[in-house]
Amino acid sequence: MGLLSGKRAVVVGVANKRSIAWGIAKAFDREGASLLMTYQIERFRENLATLATELTQVPELLPLDVADSESLAHFVAALDQVTGEHGIDIFVHSIANANREDLEGRFVDTSRDGFLHALEVSAFSLPLLTRALLPAFERAGGGSVMTMTYRGSERVMPNYNVMGVAKAALESSVRYLAYDLGRERIRVNAISAGPVKTLAMSAVKGGSQALHSVSERSPIPENISTDDIGNAAVFLGSDWSRLVTGQVLFVDSGSHIMGY
Ligand SMILES: NC(=O)c1ccc[n+]([C@@H]2O[C@H](COP(=O)([O-])OP(=O)(O)OC[C@H]3O[C@@H](n4cnc5c(N)ncnc54)[C@H](O)[C@@H]3O)[C@@H](O)[C@H]2O)c1
C-alpha cells in the first residue's frame, strides 16, 4: 500500500524528463496514484508517451495550452468523462512561461503584453484550472491542489524579473484559494523549490548560477532534485497533510533562511 493508493491525480506541466512535474508524477506513481497528465504541444506529447512507459499504471494524456481558449475548452469538456465517478483527489499545477526577452535585463523594461502573458500563464492558470476541476474534486469529497513557486517572489533574483512578480501573484492566489475552498475540504499549497536545471530555468539568463549558490551557501550543501520535490509533493497529496493549507513549503536545502 502506497501513501497515495486509490487516489487519482491530474498533473499539468511535464515537458520532458527534467521537468519538476515528471519528478512528481514518478513519486505519485510509486505511491499508488493513478494519473491524468497534460501536454502543451505535440513534441511534449511524444516525450510524455515515452516517459509514461516507466510508470506502473498507464496514465491518461490530454492536450492543454492554458493560453489558448480552444484548447482550454476541449480540456474542460473532457474532464467529466476522464475523471469519472471517482473524480480527482490531487491537482498538480507546475507551469510557467514568460517571453525570453523579459527574463534578462531590467524589469522596468517589461512590455504590457509580456507582463500580461507571464501573469496569465504562470499565475491566473492556477485559479482557472482549479475552478474547472471543482466538480471532479467534489465527487472525490475534497482533495489537494499544489503549485510550484520560487523565492524570486519575495527577494530580487537578477533577470527573474516579471516571473518574480507572477510568483508573488501565484503565492497570494494559493492563500485566497485555500480560504475559498477549505469548507469543501480542498487544501491548496505551494512548493517553493530551489533551482533545478529544467527548460523553464534555462530561459532565465544566468539561471544556472543559482545552482552554485545553493550547493555553496545553503544549510544543507546539496542541490535539489526533482525526486526531492516529488517526495514533498507526496506529503501534500496524501492524507498526512489533511489540515495543511495556504502554505508555501520550501524544498530548497534551507537556502531561504540565509541572510546573504
Ligand atoms: N526549475 C527551477 O529551478 C524551478 C524552481 C522553482 C519553481 N519552478 C517552477 O516549477 C514549475 C515547472 O517548471 P520546470 O522547472 O519543471 O520547467 P519545465 O519547462 O520542465 O516545465 C514548465 C511547464 O510549463 C508548461 N507550460 C508553459 N506554458 C504553458 C501553457 N501556455 N499551457 C500549458 N502548459 C504550459 C510547459 O509545457 C512545461 O511543461 C514552474 O512553475 C516553474 O516556475 C522551477
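**Close-up 1. Val 145 and Val 188, face to face across two strands.** In this predicted model, Val 145 sits opposite Val 188, a residue of strand 6. Strand 5 and strand 6 (residues 186-193) run parallel and are held together by seven bridges. As a bit of background, strands in a sheet pair through backbone hydrogen bonds, in either a parallel or an antiparallel way.

**Close-up 2. Helix 5 lying on the sheet.** Helix 5 (residues 162-181) packs against the sheet and touches strand 5, strand 6 and strand 7. Its direction makes about 160° with that of strand 6.

Close-up 3. Seven strands make up an open sheet, and reading across it gives the order 3-2-1-4-5-6-7, with parallel pairing. At the edges stand strand 3 (60-63) and strand 7 (248-251); each has a single partner strand, so one side of each has no neighbour in the sheet. Going from one strand to the next, the twist averages 20°.

**Close-up 4. Who's around the ligand.** The ligand is surrounded by 28 residues, and the closest are Ser 19, Met 148, Thr 198, Leu 199 and Ala 200. Helix 1 (20-30), strand 5 (143-149) and helix 6 (199-202) are the elements that each give two or more residues to this shell.

Close-up 5. Sorted by residue type, the shell around the ligand comes out as 19 nonpolar, seven polar and two charged residues.

Definitions and conventions. Residues numbered from 1 in each chain as written. Predicted model: local features only at pLDDT ≥ 70, side-chain atom pairs only at ≥ 80, totals over all residues. Near = placed C-beta within 6 Å. Helix = DSSP H or I, 4+ residues; strand = E, 2+ residues; numbered from the N terminus. Nonpolar A, V, L, I, M, F, W, Y, C, P; charged D, E, K, R; others polar. Pairing = 2+ DSSP bridges. Axes fitted to C-alpha atoms, helices over the stretch in contact; angles between N-to-C directions. Contact = placed C-beta atoms within 7 Å.
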